[in-house]
Amino acid sequence: MKEMNDAIFEPERYELFAAPRYLFEMDRREFFKSLGGGLVIALIIKDSIAQESGGGRAGRPQAPQEISAWLRIAKDNTVTVYTGKVEFGQNIRTSLAQAVSDELRTPMSNIQLVMGDTDLTPFDVGTFGSLTTPVMSEQLRKASAAAREFLIDLAVEAMKADRASFTVADGKIIHTAANRSLTFGHLIGDQMITKAIATNVATTPADRWTVAGRSAPKVDGRAFVTGKHKYTSDLKLEGMLYGKVLRPPALGATLATCDVKEAQSASGVTVVRDGDFIGVAATAPHTAERALALIRAEWKLTPQPSRKEIFDYLKKHPAKSMEGRRPAEPFKKGNLEEGLAAADKKLEASYTINYIAHVPLEPRAALAHWQGDKLTVWTATQRPFGVRSEIAQAFRIPDSQVRVIVPDTGSGYGGKHTGETAIEAARLARAAGKPVKLVWTREEEFTWAYFRPAGVIDIASGVSRDGMITAWEFHNYNAGASAIRPLYDITNQKIEFHASDSPLRQGSYRALAATANHFAREMHIDELSRALGLDPLEFRYRNLKDARLRAVLAAAAETFGWAKRKSSQGRGFGIAGGMEKGSYVAMCAEVAVSSGRVKVVRVTAAFECGAVVNPDGLKNQIEGSIVMGLGGALFEAIDFENGKILNPRLSRYRVPRFSDTPAIETVLVDRKDLPSSGAGETPIVALAPAVGSAIFDATGIRLRSLPMVPNGSVSSR
Amino acid sequence: MIPRGFEYFAPRALNEAVSLLQQLGPDAKILSGGQSLIPMMKLRLASPPYIVDINRIPDLNYVSEANGSLRIGALVRESDLEISPLVGSGYRLLADTTKVIADPLVRNQATVCGNLAHGDPANDHPATMLALEATIVAISPRGEREISIRDFFTGLFSTALQPDEILKEIRVPTPPPRSGGAYLKMERKVGDYATAGVAVQITLDEAGVCQRAGVGLTNVSFIPLKAAKVEDFLKGKPLDAAAIKQASEIAAAESQPMDDIRGSADYKRDLVRVLTARALKQAIDRAKGGA
Amino acid sequence: MAKIEINVRVNGVEHRAEVEPRLLLVHFLRESLRLTGTHIGCDTSHCGACTVVIDGRAVKSCTMFAAQVDGREILTVEGLERDGKLHPLQEGFFQEHGLQCGYCTPGMLMTGYAFLNGNTAPTEDEIRHAISGNLCRCTGYVNIVKAYQYAAARLREGGV
């Protein structure tokens, strides 16, 4: 767990705040009493990240802070699993149910998950960092295994038979010899049993999984294909109003004067002015828009850095404060000067990364409802408990007076960690005395959310004639520290992350900075191999002992036909690989360039994340990562000038579409002997360097800035 | 993203629409497909006080051949052209064009006539109609009149249509034998405007000499551009490789692109050169009976 | 502004309503009829999440006024299921893992419904072309094509 803890405090997680101030202890007995009948298994984790926070005492009993998840088996055989994780399209509602189904030996159809409801589920730090599969899945397996063993105990007692004579299958405890079986519900009956278990419970090894490890259709897929699923933006409460917020004309603007009289006089309109926050709530969306237009506000603008100077700016403006985080120490190994002196060839290059937006198809939305001093907010966030604290802080009330519920959400990709929409809706609802729904427009999404950080990466390296990297100096300004260290065996290294003051709000994005760091590193490796006249794959092998990375490189190359590739003017091939969050990826890309226009023709990805839980789900994540990654690699960039976002619409900000999709092959390297790690992020990291190297192969042009072809064309730059 | 309020009229006959326009004056806007107008209204780039929806007028949805030309009614959708066998076989340039406009969902609603009436040099049909030497039929209280496509585009987003006129029909001359055309567009993504586009329509004589040439350029000028110099150059020449090369260079010189998010002016000019050459080759192949 | 009366058939049910002329069809469906399966993703006619079928054609309901659908027949995602039986396309998206977050799915389904009505033996290229006006941020499109192919095969067998 030590490593996981470190992962959470990576320097680029700008949107993570310090732990909430309230850390009241909860009486465990009081909590269990509140759960009602049936068999309740709660998992106690002493060294868990769940300890980062706890609940408040007032109001509904909340889970003691050391409980990370629990499940409840009812008399009617239904199994309800409670987890603070949320479903954003990564399909964990299904994969977690598979894990429970496996351990409990009970059909998927009996299992229901309650997710991301701060009143019902135990504390959870958030759904990000690809932690659900390695951590939550394993925890639920333990709880399920404990429940199963306990049910056997009950059967032993009920039938007075030897423990070894029982098996568990299909939601029943079976005594084979006696040809008798008892359902879970029958064994539990009207009893109320609570069991708190520790983490040292044996779970089923991956090679004996029967439900997990296979593809399962999305558990509630029917609701999605019939339009019945209610996203936050679809919710409606009796008497609900529609909110709108007045946005400043530019980032960094502050309110000078404001006249809300005219807006206030409109019928059925509530206007709120609280500091720089100005918003309205009205009975219909267009009434709210009209009222907003009646507000006369003047803003004080301050000059802001623009995109054209951003890279220079980031290098010259180190972060003023790390906001309590520990500063990143440079990583040093060997002696860089000696390494450079020993080199036969040296290479210095600078790589740049533009800000990009997440563009989740469902824009941010929240529905806030106050009942007395208790607030319920339905909102789409990857951190329900974090957002609960944000709201509580904003309104100076205890966490316990806030309930955050996260309906399964229209994607996030790391972009929905924060609670601004929830707070805005709650502020309006408090003033209006009625529930208020606030749905951001696409333009608000593009302007007032946060972005994947821009950055500069400078690399200085040296290689010997026989193809060994002798020196590696790597400076990353602002992009972030994820996967900053190479897996290559380099004797002499210096690696440093420099936090900068970012003019735009920045935060997490699928795979964080691993994309930027892999882009710079793998492009540089490609440059080095070409400087030496070596095959890029062979060059990597010479400098790489890591067996898992070598294995995916080999698998990708084999399936792609790397050895048989035939480059020509206008047709090129590239390869790249890496590791992030415990998962290994390698990609080969083929591109065609004609009249300067770049088309990614084919991508082969080999991926290894330990034991595979749901092969189709995993392929979906890899294919999704490749297509999403194409945007940031080739053409996505936030354009901004003096505090204004210049391309806040999908007509101006280009995301990948069907026509951009290459032929994709995926190779899953299933390592049943290794624990499963998350897979939603890592596949994206290898795409840009594989494509960039292929563009070089096709054109002789080395593109060192992401996106590489903002106009869709190499020559138009 | 909600348009400003407006009054809505849905006339059931063409003469009713004409008199409404007269009555409401120049602030009224005609709604046909609405795929340009409604997005503009949502962004409040346009806020007409009156909308005259012509979609309920019968007999405006036809694609037919009569008196030596193809007639396209005011309510013909882009997707109607896309699936029309008549267009697919006899008017390849038109078929090419309609396939690359916006995206399939937009094409199900957008009208061909609206694409012209909008007067946007970034739209695709203007270049095509210029190459095809189309005629526009407009109707007003003064009756019908025909406008040559050469005179139709008068400025950025402005046309020869008077405020009380409705674009009723487009007439495209039926190409004589040994004719061929092609439209090539470079777009960054589906649904985007052209970075540049080239429409070519040619007629050859039996010896392969160019008798007639029409060339239109998309999104490389303020006003939809008829490449008259290229047309003059091509007429009377055998269309060999050298002629194609020279014609494409003239087209590049004739274009007047500007730097924007789709690329630099130089890049677009080069694109015009490349696309003109390719479109000419394809048009020649088609004129000779090839694909 | 004067309201307009419209009569429209949605998923087989007749509705009569008074609407403001500027009310967009997507808002009419979502707010007035509470058919929230039709989504809003972009506001600028780019994403196709709001696609519905009007008289057999797939169109973007964010780029139409409710006033325009007077007298017409609309099918939304809620109307695809018949007598508790999913349309083959719905099954396809389910079986072929054609959805992740599901937000684009209703639009993809409606585009596909209209497309497969005219062509139950599409090539992969035809499918990609047909669906090129719809945006998906999660799946990488590969499985969406498979979902269409699944549905096409079922429809050829006479699945519906």
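B:Lys185 is buried, with a relative accessible area of 15%; buried means under 20% relative accessible area, exposed over 50%, and partly exposed in between (1.4 Å probe, protein chains only). The side chain of B:Lys185 meets that of B:Asp124 in a salt bridge, 3.1 Å from N to O. A salt bridge here is a side-chain nitrogen of Lys or Arg within 4 Å of a carboxyl oxygen of Asp or Glu. The pair links distant parts of the chain, 61 residues apart: B:Asp124 sits in the loop between α7 (112-117) and α8 of chain B, and B:Lys185 in strand β11 (residues 179-187) of chain B. B:Asp124 counts as buried, at 4% relative accessibility. Helices (H or I, at least four residues) and strands (E, at least two) are DSSP runs, numbered from the N terminus.

This is a predicted model, in which local features need pLDDT of at least 70, side-chain atom pairs count only at pLDDT 80 or more, and totals for chains, interfaces and linings use all residues. Residues are numbered from 1 along each chain as its sequence is written, chains are lettered from A and ligands numbered from 1 in the order in which they are written, and side-chain values use heavy atoms, with hydrogens and water left out.

**Other salt bridges**

- Over all chains, the structure holds 79 salt bridges.
- In chain A, A:Glu590 pairs with A:Arg571, the closest N and O atoms being 2.5 Å apart.
- A:Glu590 is buried at 9% relative accessible area, whereas A:Arg571 counts as partly exposed at 30%.
- A network of salt bridges links A:Asp102, A:Glu103, A:Arg141, A:Arg148, A:Glu149, A:Asp153 and A:Arg163.
- In chain B, the side chains of B:Glu169 and B:Arg71 meet in a salt bridge of 3.6 Å, N to O.
- That pair links distant parts of the chain, 98 residues apart: B:Glu169 is in strand β10 (residues 166-173) of chain B, and B:Arg71 in strand β5 (residues 69-73) of chain B.
- Both B:Glu169 and B:Arg71 are buried.

**Domains 2 and 3 of chain B**

- Chain B is assigned domain 1 (7-53), domain 2 (63-173) and domain 3 (179-286); the bounds come from an automatic or database domain assignment.
- The centres of domain 2 and domain 3 of chain B, taken over C-alpha atoms, are 20 Å apart.
- In contact are 25 residues of domain 2 and 27 residues of domain 3 of chain B, contact meaning heavy atoms within 4.5 Å.
- About 2,000 Å² is buried between these two domains of chain B, 60% of it from carbon and sulfur atoms; buried area is the accessible area (1.4 Å probe) that two parts lose on being put together, summed over both.
- B:Pro121, B:Leu130 and B:Ala131 supply 24% of the area that domain 2 of chain B buries against domain 3 of chain B, more than any other three residues.
- Three salt bridges are counted between domain 2 and domain 3 of chain B.
- Nine residue pairs are in polar contact between these domains of chain B, both residues at pLDDT 80 or more.
- A polar contact is a pair of N or O atoms within 3.5 Å; within protein, one must be able to donate a hydrogen and the other to accept it, and residues adjacent in sequence count only if both atoms are side-chain atoms.
- On the side of domain 2 of chain B that touches domain 3 of chain B, α5 (92-99), α8 (125-132) and β8 (153-155) of chain B each supply at least two residues.
- Helix α8(B) gives the most to that side of domain 2 of chain B, with six residues.

**Interface of chain B and chain C**

- The contact takes 36 residues from chain B and 30 residues from chain C.
- Chain B and chain C bury about 2,600 Å² between them, 60% of it on carbon and sulfur atoms.
- Two salt bridges cross the interface of chain B and chain C.
- C:Arg57 forms a salt bridge with B:Asp80, with the closest N and O atoms 2.4 Å apart.

**Helix α1 of chain C**

- Helix α1 (residues 25-32) of chain C is mostly covered, with six of its eight residues buried.
- The buried residues of α1(C) pack against β1 (4-10), β2 (13-19), β3 (51-54) and β5 (73-75) of chain C.
- Just after α1(C), C:Arg34 takes a positive phi of about 60°.
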